[in-house]
Amino acid sequence: MAKEEIKIKPFWYSDIWLFPKLITVITTLDKDGNVNAAPYSHIMQYDVMAKTPRMMVGFRQESHTFTNIVETGEFVINCPPADYLDDMMETARFWPEGVNELDHTRFTPIPSLHVKPPSLAECPQIAECTVHEIIRLPKSSGIIIANIEAIVMEEGLKDMDRGERIQKMDLPVGLGDQNRRYYYHAKTTSDVTMHELEEPPGGQKGGKVKMDIPWEAAAQKGLMAVPTTMRQMVCTSVEDFAKNKGDTEVTAKRFIQMSEEYGIDSELMERFRTGTD
Ligand SMILES: Cc1cc2nc3c(=O)[nH]c(=O)nc-3n(C[C@H](O)[C@H](O)[C@H](O)COP(=O)(O)O)c2cc1C
């Protein structure tokens, strides 16, 4: 396929480069306790471990949301279903300070569990957050690294497998804007494909890891259940841990002991034991 180089102009990321994104409505309180709500998509998971789960969120530094978070230290990330795209857009309008955008939508504010800003009842997936770190990027947005105080989901969702949950939640995908005015969204859940990540031909279900000391068979089994992208890192950490304890071989007992000391929770350990990625 023939290619052409594209001239990079201001707002290239919204006008030309497509990157499908999460759609959320972030709720905050200003310092006087007034509710503010606005859509945000610049969100990425940051710390995957259970002890310090974090998200990274990017804001225009002049936005009410950023100001409120800096002043109060708290916010809620609400993921609305596709049926609420118009309401989500309504919260994006440049209302004057102090206007509660939710009054112009069908969203219902409900108390959050661990923070003061409200959550939105219609959203099946919600993260209650507090500030861990604020980074003001020169000539750019403010990045907030947030502690996740709670992940709250509509009852029943957590027990569904991902395919079923995707259909039920019906979350839209943001496809960016044009001219800072026309926002594109995809309703994805009617056309979802699932692809299995297969092992390479001849590959052990473990991929290659370089081991420095011998591993007991049961410990090896546990290691093979660690997702391949993390396996070498986990292997080296467990070996260092075992060596520090004076061991010359990695045993399953040591592996589990390290995981517990590092705050790897029992559910993740169960995945290691049963080999489900
Ligand atoms: C779908 C969508 C996603 C958006 N994502 C972001 C974002 O990630 N960061 C940002 O600074 N603004 C984003 N915006 C723009 C803000 O929502 C907009 O500037 C809003 O008026 C800010 O409101 P506030 O001043 O009450 O915070 C987005 C807008 C839409 C419609």
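Q: Before we start, what counts as a helix here?
A: A helix is a DSSP run of H or I with at least four residues, and helices are numbered from the N terminus. Please also note that this is a predicted model.

Q: How many helices and strands are there in the protein?
A: The protein contains eight helices and twelve strands.

Q: Let's take helix 6. How many residues does it have, and how far does it reach?
A: Helix 6 covers residues 228-244, which makes 17 residues. From its first C-alpha to its last it reaches 25 Å, close to the 24 Å expected at 1.5 Å a residue.

Q: Which of its residues are buried in helix 6?
A: Val234, Cys235, Val238, Glu239 and Ala242 are buried.

Q: And what do those buried residues of helix 6 pack against?
A: They pack against helix 5 (217-224) and helix 7 (252-261).

Q: What about the stretch just after helix 6: which residue takes a positive phi there?
A: Glycine 246 does, with a phi of about 85°.

Q: Okay, zooming out. What domains does the assignment give?
A: The domain assignment gives domain 1 as 12-187 and domain 2 as 217-274. Their C-alpha centres lie 35 Å apart.

Q: What does the C-alpha trace of the protein span?
A: Along its principal axes, the C-alpha trace spans about 65 × 55 × 40 Å. Of the 277 residues, 25% count as buried.

Q: How many bridges do strand 11 and strand 12 pair over?
A: Strand 11 (residues 172-178) pairs with strand 12 over five bridges, in the antiparallel sense. Within this pair, valine 173 of the chain stands opposite alanine 186 in strand 12.

Q: Now the ligand. How many residues surround it, and which are the closest?
A: There are 19 residues around the ligand, and the closest are Ala38, His42, Ser63, His64 and Thr65.

Q: Which element supplies the largest share of that shell?
A: Strand 3 does, with four residues. Strand 3 (35-40), strand 5 (54-59) and helix 2 (64-72) each supply at least two residues of the shell.

Q: How do the shell residues divide into nonpolar, polar and charged?
A: Nine are nonpolar, nine are polar and one is charged.

Definitions and conventions
Residues numbered from 1 in each chain as written. Predicted model: local features only at pLDDT ≥ 70, side-chain atom pairs only at ≥ 80, totals over all residues. Buried ≥ 20, exposed ≤ 12 C-beta atoms within 10 Å, placed from the backbone. Pairing = 2+ DSSP bridges. Domains from an automatic or database assignment. Near = placed C-beta within 6 Å. Nonpolar A, V, L, I, M, F, W, Y, C, P; charged D, E, K, R; others polar. Expected span 1.5 Å × (residues − 1). Contact = placed C-beta atoms within 7 Å.
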